Amino acid sequence: KNSDLEKIKNLNLDLMIRGGCGILKGEILNICRLGIISFHHGDNNLNRGSAAGFWEVFNREPSTGFIIQRLKENLDGGDVLCEGKIATSFLYKENFCKLYIKSSFFLHQTIEKLSFADGEIKPYSRTSYSYPLYKIPNYRESIFYLFKTFFSGLKIIVGKTLGFDYRWSVAYQFTKDWKTSVLSKSIIIKNPKDRFLADPFVANYKNRTVLFVEDFNFKLNKAVISAYEIDKNSYKEIGVAIEENFHLSYPSLIKNENDLFMIPESNQANDIRIYKCVEFPLKWELSKILMKNISVADTNIIKFNNKYWMFTNIDSSKTDDHSSELHIFYSNDLLSTDWKPHKNNPVIFDSNQARNGGMIFFKNSELFRVFQRNGFNMYGRSLGISKIKNLNEGEYEEEILKIIEPNFFKNIKLTHHFSHNLDVLAIDFARFEKID
């Protein structure tokens with residue numbers, strides 16, 4: 001009604017948020033200075049319609065998306081101001097809740113960006129939509145979902161009751177070129193009893209070649225960082241490099257001048273910490289806590305263009321989701337406690353590409369990043385390697401070059417870590433097997 005439009009005009013609003021009030025068209029779209037923004041709880045390129053978060057679980061899709069858009073006359077043709085993809089949860093209600101919590105957090109962030117930029121936010125690119133318009137599931141579809149979920153869950157419970165689980169292992173090979181490597185030729189390091197090894201990082205230091213790995217103990221339900229010395233034909237367990245009273249994993253390394261540092265994942269301590277090697281390879285001391293009170297996983301730090309760049313996976317929404325958001329920070333000092341956030345954080349918001357999966361490495365003046373890819377209800381399903389094309393304080397761009405699937409050894413189901421340092425390549429993988 002014209003009277004309603006006049007009332008809204010008289011309020012002199014900067015912005016309105018559409019919340020389930022039907023399709024808006026006409027003059028109302030232009031009343032507010034910053035327009036009207038709206039949620040779509042689905043990947044707008046793959047999933048439009050209802051019900052939010054359901055069809056991704058029903059179809060066993062690896063990710064569930066959302067967008068925040070500024071409305072135009074065409075409901076699905078608005079400017080996309082924010083979009084993200086989270087890993088799809090096993091249960092619909094859990095997926096629904098995580099999707100709403102995550103998207104609500106970024107609604108606040110989008111409003112802030114609109115305010116500071118006076119509405120001038122560069123929209124995401126759009127593509128034509130070639131999928132069905134989904135509707136609320138009918139009785140047959142709902143019952144099918146319940147049966148499928150029940151039997152899938154029962155299979156998992158029976159497997160764990162019988163002592164079966166995914167068990168990670170580590171393998172390596174000496175090769176100068178990771179692009180032409182044959183992964184099936186890698187040497188597998190045998191898992192110790194009641195433990196598994198994962199997340200291998202390679203150090204060529206003090207004339208020794210050492211793999212640092214997450215060393216997880218099933219009985220203690222906790223991991224330490226252990227070291228294995230390797231050569232082209234054999235390997236030897238040296239011992240524990242770092243142990244804390246909380247879980248450690250992902251022993252990322254950086255050499256700074258003549259010193260070697262490690263940034264293991266210490267998510268249970270809610271921080272990012274860096275250790276200095278004082279006697280290679282088993283003696284390390286805590287050098288600095290770089291960030292405190294932060295839910296974060298899998299941190300890499302590199303030196304590039306005379307700055308230190310931190311790539312890390314932050315859970316912004318407190319939903320224990322470390323797979324969706326890649327954040328970058330930078331500093332002039334490796335041991336700084338005042339890292340500056342990248343202008344476009346999160347620079348990647350996609351559970352198929354965001355989470356770090358190994359060493360960021362240089363090759364012939366080119367810079368590459370390794371990332372993990374989740375499957376449906378399956379962490380660490382596969383991995384990929386991207387070439388970093390642009391990295392500065394205001395821009396980040398990478399191009400996916402290669403996807404590595406878990407098929408290089410017999411009966412493996414998962415792979416989520418890849419590192420290459422000088423002449424050594426290291427990778428991990430998992431089989432579903434009975435835990436001894």
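## Close-up views of a predicted model

View 1. Pro346 is placed in the loop between β20 (340–341) and β21 (348–349); helices (H or I, at least four residues) and strands (E, at least two) are DSSP runs, numbered from the N terminus. The peptide bond that runs from Asn345 to Pro346 is cis, and its omega is near -10°. The model is predicted, so local features need pLDDT of at least 70 and side-chain atom pairs count only at pLDDT 80 or more, whereas totals for chains, interfaces and linings use all residues. Residues are numbered from 1 along each chain as its sequence is written, and side-chain values use heavy atoms, with hydrogens and water left out.

**View 2. The cis peptide bond between Ser50 and Ala51.** Ser50 and Ala51 are joined by a cis peptide bond with an omega of about 0°. Ala51 belongs to the loop between β3 and α2 (54–58).

**View 3. Leu46 in the loop between β2 and β3.** The loop between β2 (36–40) and β3 (48–49) contains Leu46. With a relative accessible area of 35%, Leu46 is partly exposed; the classes are buried under 20%, exposed over 50% and partly exposed in between (1.4 Å probe, protein chains only). Leu34 and Leu46 are twelve residues apart in sequence, and their C-alpha atoms are 28 Å apart in space.

**View 4. The aromatic pair of Phe201 and Tyr250.** The structure holds 36 aromatic pairs, a pair being two rings of Phe, Tyr or Trp (its six-membered ring) with centres within 6.5 Å; planes under 30 degrees apart count as stacked, over 60 as edge-to-face and the rest as tilted. One of these pairs is formed by Phe201 and Tyr250, which are edge-to-face at 5.0 Å centre to centre, with 80° between the planes. Phe201 lies in strand β9 (residues 195–205) and Tyr250 in strand β13 (residues 249–256), so the pair ties together parts that are 49 residues apart in sequence. Both residues of the pair, Phe201 and Tyr250, are buried. Tyr250 counts as buried because its relative accessibility is 1%. The phi of Tyr250 is near 45°, a positive value in a residue other than glycine.

**View 5. The aromatic pair of Tyr205 and Phe280.** What geometry do the rings of Tyr205 and Phe280 adopt? The ring centres of Tyr205 and Phe280 are 5.1 Å apart and the planes are at 70°, so the pair is edge-to-face. Tyr205 is buried at a relative accessible area of 8%, and Phe280 counts as buried at 12% relative accessibility.

View 6. Phe54, Trp55, Phe58, Tyr92, Phe96, Tyr100, Tyr134, Phe144 and Tyr145 are linked into a cluster by ring pairs. The charged end of Lys93 sits over the ring of Phe96, at 5.1 Å from its centre. A charge sits over a ring if NZ of Lys or CZ of Arg is within 6 Å of the ring centre and within 35 degrees of the ring normal. Lys148 lies over the face of Phe58, 4.4 Å from the ring centre.

**View 7. The hairpin of β15 and β16.** Strands β15 and β16 form a hairpin, with three residues between them. The two strands run antiparallel and are joined by eight bridges; strands pair if DSSP finds at least two bridges between them. Arg273 has Ile289, in β16, as its bridge partner.

View 8. A count of cavities of 30 Å³ or more gives one. On a 1 Å grid over the protein atoms alone, a cavity is a set of points where a 1.4 Å probe fits but cannot get out, and lining residues have an atom within 4 Å of a point. The largest cavity holds about 40 Å³ of space, a volume being the space filled by probe spheres set on grid points that are joined across faces, edges and corners. Its lining includes Ile263, Pro264, Asp271, Val296 and Thr299. At least two lining residues come from each of β14 (259–266), β15 (271–279) and β17 (296–304).

**View 9. Asn305 in the loop between β17 and β18.** Asn305 is found in the loop between β17 and β18 (307–314). The phi of Asn305 is near 50°, a positive value in a residue other than glycine. With a relative accessible area of 58%, Asn305 is exposed.

Note on methods:
On a 1 Å grid over the protein atoms alone, a cavity is a set of points where a 1.4 Å probe fits but cannot get out, and a pocket is an open set with protein on both sides within 12 Å along at least five of seven lines; lining residues have an atom within 4 Å of a point.
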